[in-house]
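Please read it alongside the sequence and the coordinates.

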Amino acid sequence: MQLAFWNFPPTECLQVAADSLGIDSERLDASRCKDLLYQNQVDLALLPITVALNASDELDIIPGGAVSSWRYPFAQIHIHSDLYQAKTLQSSPDQVLEEFMARVILKEHYGRDVKIVTRQSADVQLLLEDSVQFDLDSNDTLDIGQEWFELSQYPMVWGVYCCLNGNGTDAMTDLLNQLTHEAEVTAHGWEASLSMPTNNFFRESLRLRLDDVAIAGITAIRDFMYYYGLTEELPAFSIFTPENRQQQPWWGQDLESDHL
């Protein structure tokens, strides 16, 4: 079975886990993952939640794993002027998911309906991955993951595992259960001697289960996608149900969280 990972920061521990388990996988940009899935070149793909929901008529979400978080140091809104007077957000065309979340947060949390600009300077700016800054005053930076949690009371769901509609199998669910278990072990021990925000993220904020909390988060994101015009109607996303459904192993069950 072949698996394509959307190549974004949390995938690092997923790839370590996949290699440990001998899973045939590769890390690619989101559009390439989707293309390979549609071409039947891979069986499963980890896709951004916006991509998965926009193609809900063609894709099924496979249980056993997902990528969500309470915080997310790899996507920030950097404030250049008075946040409560902000009118423009600087972003780029390839930042679709993060730009959407930034728009929601700025509108729903801070009352700012911003215009998106790409090249000119702006009141607030979207920073991703290598561009994020950890030495800024906290008053100048918003963590998109934390802001979403404070707004919705759910973790931010970044990615879900998908297959083509009707192609789901019990074996896919079993594979993802194994991968999730191994990836959680990897994440909990992530460079434990270091205290950088990125390292703390893997140990403290990253969630890798498609549990009831994650599903509620997906539903909230879906609703905002409709309200903000990313979809013409509310997508009825489909989660594959194994034919011989049995009691999930402990790593497939819901977890109590002190965030709830």
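The notes below treat the helix contact, then the strand.

The model is predicted: local features need pLDDT of at least 70, side-chain atom pairs count only at pLDDT 80 or more, and totals for chains, interfaces and linings use all residues. Residues are numbered from 1 along each chain as its sequence is written, and side-chain values use heavy atoms, without hydrogens and water.

**Helix contact**

- Helix H1 spans residues 11–21 and helix H6 residues 170–188; helices are DSSP runs of H or I with at least four residues, and strands are E runs of at least two, numbered from the N terminus.
- Their axes come within 8 Å and cross at roughly 120° (lines fitted to C-alpha atoms over the stretch in contact, with angles from 0 to 180 degrees between N-to-C directions).
- H1 is therefore oblique to H6 (angles under 35 degrees count as roughly parallel, over 145 as roughly antiparallel, 65 to 115 as roughly perpendicular and the rest as oblique).

**Strand S8**

- Four of the five residues of S8 (residues 124–128) are buried, meaning under 20% relative accessible area with a 1.4 Å probe and protein chains only.
- S5 (residues 75–79) runs antiparallel to S8, joined by five bridges; pairing requires at least two DSSP bridges.
- S6 (residues 88–90) pairs with S8 in the parallel sense over two bridges.
- Val-124 of S8 is the bridge partner of Ile-79 and also stands opposite Leu-89.

Technical notes:
Buried means under 20% relative accessible area, exposed over 50%, partly exposed in between (1.4 Å probe, protein chains only).
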